[in-house]
Every structure is written in structure tokens, then in C-alpha cells.
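I opened my notebook for this one and jotted down each thing as I looked it up. Have a look at the model first, then follow along.

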Amino acid sequence: MIQSADPSTAPGLASIVWSPGPLGKSLSTSSRLDLVEGDPQLRPAPGAAETKVYRRRWVMLVLFSAVSASNAFMWLQYGIVSNIFTRFYGVDPLAVDWLSMIYLLTYIPLILPVLWLLDRRGVRDVVLVGAAFNCIGAWVKIGSVGPELFAVTFFGQFVCSVATVFVLGIPSYLASVWFGPREVSTACSVGVLGNQLGIAIGFLLPPILVPNVEDMDELAGHIRNMFYITAGVATFLFILVIIVFQERPELPPTQAQARARSLPPEQYSYLASILRLVRNRPFMLLVVTYGLNVGCFYAVGTLLNRMIIIHYPGEEVNAGRIGLTIVIAGMVGSLICGIWLDKTKTYKQTTLVVYFMSLVGMVVYTSTLSLGHLWVVFVTAGSLGFFMTGYLPLGFEFAVELTYPESEGTSSGLLNCSAQVFGIIFTICQGKIIDTYGTLPGNIFLCVFLLIGAGLTGERSNGFGGFVTLLKVQCAKSLV
């Protein structure tokens with residue numbers, strides 16, 4: 001067993017020279033270099049720093065998750081009722097699609113500056129700025145309720161999209177800074193669940209709050225009420241972040257965090273960290289496969305209303321409920337995957353299994369969408385969401401393991417950047433295919449890229465055999 005915190009003692013890490021930013025870089029608490037409390041096979045190294053896990057870590061996690069949920073809700077509040085907003089503003093469907101895709105586009109040029117800010121200023125300032133942009137954008141949209149004010153609503157959505165850059169990659173970083181080694185993957189999953197909860201609410205509430213009525217004045221009133229609700233929630237959360245959210249605990253939760261705090265900040269080079277990640281071939285392969293999977297999820301979420309309405313006219317509310325089913329099932333999948341990783345650390349095998357099942361779920365959803373039975377769509381969409389959304393925290397945690405001891409914020413930021421790029425490409429292409437040829441070719445288009453992603457994932461994994469062996473071992477331990 002490894003008892004030293006010296007990277008030279010770990011195979012494959014000897015060539016990495018790393019030291020933290022001014023506030024202390026977060027390290028992977030699930031790394032082989034960390035001391036796991038309570039493990040009888042490990043003994044603390046001489047002179048080990050004092051560590052402590054604080055109860056208020058859950059307050060930080062829940063508050064962050066709420067901010068992320070608020071922002072994610074506003075991503076989908078247009079798209080899930082896109083036919084209504086198309087009629088209200090008198091624009092074509094692609095223009096309304098861009099109200100969702102602007103979230104993806106904004107992320108790409110801003111992620112590197114935000115990662116630099118995370119290294120220089122810390123997680124509190126980053127979350128605070130994100131909550132501020134979220135609040136400002138929500139209030140701007142209140143002034144956009146009018147058929148001639150599409151530009152205003154687009155600007156408000158753009159401001160909200162800036163907030164996404166500040167919150168989307170935080171879960172793995174926050175988990176490592178605040179949580180112990182046996183709960184870090186679960187905490188990361190909970191952080192991702194916040195975003196997924198916002199998406200779930202974004203699927204559910206807009207069709208209820210903005211019914212498809214003919215009278216334009218009545219419709220404007222419904223839209224205004226929805227915007228007031230989102231602005232009120234965003235403002236409340238912004239105030240809570242100012243008052244409650246903290247940078248880090250007084251004592252580190254793990255020995256890895258203790259080491260991060262002890263290293264001199266002047267040795268850290270943000271540019272060198274980025275270059276090391278780009279040269280890390282296994283990580284860059286994960287960047288591509290993660291982008292393919294999550295990009296497909298973004299496309300499905302953005303275009304779900306259009307796909308459902310084509311086969312089931314007038315079912316805007318059920319389209320939202322189907323989206324809700326996708327996300328709720330995915331939240332369950334995320335939590336299960338997080339708990340599984342905390343117990344087994346089988347990143348490669350678990351990632352491959354979940355990715356392959358995402359492909360299977362997409363194929364089943366594609367083949368059943370046009371059967372004419374909404375209950376079948378609910379079932380197949382739920383199975384798709386369980387694995388496709390459940391993959392999100394897997395990607396974050398696997399990236400942490402592949403890139404240790406680099407910052408979790410940097411690795412997850414690059415993953416999300418890839419997802420935004422593929423999300424824009426897939427949404428535009430699938431939307432055009434659906435408009436021209438129908439939903440079946442559009443969904444087959446996504447299946448092809450998921451197949452490619454599954455193949456690339458299999459390239460770096462040990463296959464299903466290792467996963468099955470681990471599953472048997474875990475079952476045997478449970479029985480004992």
C-alpha cells in the first residue's frame with residue numbers, strides 16, 4: 001500500500017510536476033495517493049496533517065446544487081414549449097432552438113478564463129459570480145414579454161448562459177475540497193443531480209405555467225408569471241450564496257487536500273496544467289467520448305418538444321413529462337453510479353457499461369417513438385435517461401482519476417467544453433434532419449455517434465469481464 005504523498009512513488013505519475021494555486025488546488029480524494037480513513041490496511045504517514053470532515057459540507061453542496069438547478073431550469077424553459085414561443089415571438093423554430101444552444105455556445109470561449117478565475121480566486125467567488133449572472137439574466141427576461149421583444153429575451157438568456165460557465169464544472173471540485181475520501185464520488189453525483197433537477201423542473205413546469213392558449217395577451221401574462229417566479233428564486237439563491245457559501249473548511253477533509261494547502265502557490269502554472277491535460281491521451285479520449293454522449297443528451301433535450309409534437313399533436317404537457325421522466329431516471333442513475341464508484345473505484349469498466357447501455361437506450365427510444373403509444377415513450381425515454389444522464393458524474397470522476405493531481409475544475413471544464421461543442425453540432429444537424437426527413441433519421445444520426453463513442457470507450461477499458469468480476473465480489477461481500 002502507498003503511504004507517501006510523493007508522486008514519484010506512484011507508477012505513471014512521476015513525470016507530473018504540480019503545485020496548487022493561491023487558495024490550494026483540489027486533489028482527487030479517491031486517488032491511490034490518499035489515505036482512506038478507517039481502512040485497517042493503511043497507516044498514517046509520519047507527520048500526517050490533521051484532517052476533519054465538517055457537517056456543513058452538505059449545506060455548501062445543497063446550496064450550490066440549488067443555484068445549478070435554477071440555472072438549468074432557465075436553459076429549458078423555452079425549448080420544452082418551443083412551439084408556443086415560436087408563435088408568440090413570430091420567429092422560426094431554429095431561433096427558439098438557439099435560446100437553448102446559446103448556453104452551449106457561450107461555454108466554449110469563456111471556460112478557460114473561468115477556470116483561471118477558479119484557480120486564482122477560489123470556488124466561493126466563482127459560484128458567487130455565477131449566481132449573480134443567473135439573477136441578472138432572470139430579471140432581464142421579465143422585460144422581454146412582448147411579440148416584438150425577442151432580442152431582449154435572447155439577451156437575458158445569454159446572460160443566464162454566462163452563469164452556466166461558472167457552475168457547470170464545480171461538482172467534482174467542491175466534492176474534493178469539502179468531502180472525505182469515501183464519499184467524494186457520491187458528493188459529486190449529488191452536485192450533478194442539482195443541475196439535473198433543474199432540467200427536470202424545466203421539462204415539467206413550463207408546459208403547465210405557459211399553456212398553449214390562442215389569446216396573445218393571456219399568453220403574455222402566463223409567460224410573465226413564469227419569468228417572475230424564476231427571477232424570484234434566482235434572487236433568493238444569490239442572497240443565500242452571499243451569506244452562507246464558504247470557500248473551504250478550516251481543516252482539510254483528506255491528506256491530499258492537506259498536501260495541496262501546504263505547497264507554495266508561486267510554483268503553479270495554469271498554462272502548464274492545461275498543456276499537461278492536452279497531452280494526456282487517455283484523458284483526451286475521454287473528452288471526446290464524454291462530448292459525444294452528453295452532446296446527444298443536449299440535442300434530445302432541446303428537440304424533445306418538436307419530436308413529441310410531430311407524433312403526438314397537442315401533447316406539450318406530456319412532452320414535458322417525458323423530459324421529466326428522462327431526467328428523474330437519470331438522477332437515480334447518477335446517484336447509483338456515484339455510490340458504486342465510492343465502493344469499487346471501477347471507473348473504466350463502469351464507464352463502458354453505462355456508455356453501452358446509453359446506446360441501447362437510444363436505439364430502443366428511436367424505434368418506439370412513432371408507435372403511437374405515449375406510455376411506451378415514457379418507458380423507453382426513462383431507460384435512456386437512466387444511463388445517458390447517469391453517465392455525467394461518471395465522466396467527471398473518471399477524469400479526476402486520469403488527470404490526478406491536476407485540478408478537478410480544469411478537467412471537468414474541458415469535458416463540458418467538449419459536450420457544448422458536440423451539443424451545438426448535434427442539435428443543429430438533428431433539427432435539420434427532423435425538419436427534412438422526420439424523427440427516425442434524426443435519432444439514427446445520434447445513435448451512430450453514440451456507437452462511435454461506445455467503441456472509443458471500449459478502447460481504453462478492460463471490457464465487461466472486469467466489471468462482472470467486480471460485481472460478483474461486491475455481492476459476495478454484501479452476503480458476508
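**Ser-161.** I started with Ser-161, which counts as buried because its relative accessibility is 0%; buried means under 20% relative accessible area, exposed over 50%, and partly exposed in between, with a 1.4 Å probe and protein chains only. Ser-161 is part of helix 5. Helices here are DSSP runs of H or I with at least four residues, strands are E runs of at least two, and both are numbered from the N terminus. I then asked which residues Ser-161 is in contact with, leaving aside neighbours within four places in sequence. I found Ile-102, Tyr-103 and Thr-106, where contact means heavy atoms within 4.5 Å.

**Ground rules.** I am working with a predicted model, in which local features need pLDDT of at least 70 and side-chain atom pairs count only at pLDDT 80 or more, while totals for chains, interfaces and linings use all residues. Residues are numbered from 1 along each chain as its sequence is written, and side-chain values use heavy atoms, with hydrogens and water left out.

**The whole chain.** I noted 18 helices and zero strands in the protein chain. Of its 480 residues, 59% count as buried. I also looked at contacts with a separation of 6 or more: residues 24 or more positions apart account for 85% of them.

I checked the length of helix 4 next. Its 20 residues should span 28 Å at 1.5 Å a residue, and the end C-alpha atoms are 29 Å apart, so the two agree; the expected span is 1.5 Å times one less than the number of residues. Its buried residues include Val-123, Gly-130, Asn-134, Cys-135 and Lys-141. I listed what the buried residues of helix 4 pack against: helix 1 (57-76), helix 3 (93-121), helix 5, helix 6 and helix 8 (216-244).

**Helix 4 on helix 5.** At what angle do helix 4 and helix 5 pack? I read about 165° between helix 4 (residues 123-142) and helix 5 (residues 150-167), with the axes 8 Å apart. Axes are lines fitted to C-alpha atoms, for helices over the stretch in contact, and angles run from 0 to 180 degrees between N-to-C directions. That angle makes helix 4 roughly antiparallel to helix 5; under 35 degrees counts as roughly parallel, over 145 as roughly antiparallel, 65 to 115 as roughly perpendicular and the rest as oblique. Among the contact residues I marked Val-126, Gly-130, Phe-133 and Val-140 of helix 4, and Val-152, Phe-155, Gly-156 and Cys-160 of helix 5. By class, this contact of helix 4 with helix 5 has 13 nonpolar, six polar and one charged residues. For the classes, Ala, Val, Leu, Ile, Met, Phe, Trp, Tyr, Cys and Pro are nonpolar, Asp, Glu, Lys and Arg are charged, and the others, Gly among them, are polar.

**Val-140.** I zoomed in on Val-140, which lies in helix 4. Not counting residues up to four places away in sequence, Val-140 touches Val-152, Phe-155 and Gly-156. Its C-alpha atom is separated by 9.6 Å from that of Cys-160, 20 residues apart along the chain.

**Trp-178.** Is Trp-178 buried or exposed? I have Trp-178 as buried, with a relative accessible area of 1%, and its place is in helix 6 (residues 170-178). Among the residues Trp-178 touches are Val-53, Arg-56, Met-60, Glu-247 and Pro-253. Trp-178 and Arg-56 are 122 residues apart in sequence, yet 8.9 Å apart in space, C-alpha to C-alpha.

**Helix 1 and helix 6.** The axes of helix 1 and helix 6 come within 10 Å and cross at roughly 170°, which makes helix 1 roughly antiparallel to helix 6. I found Arg-57, Met-60, Leu-61 and Phe-64 of helix 1 meeting Ile-170, Pro-171, Leu-174 and Trp-178 of helix 6. These divide into seven nonpolar, no polar and one charged.

**Helix 15.** Last, I noted that 11 of the 13 residues of helix 15 are buried, so helix 15 is largely enclosed by the rest of the structure. Glu-397 is one of those buried residues.
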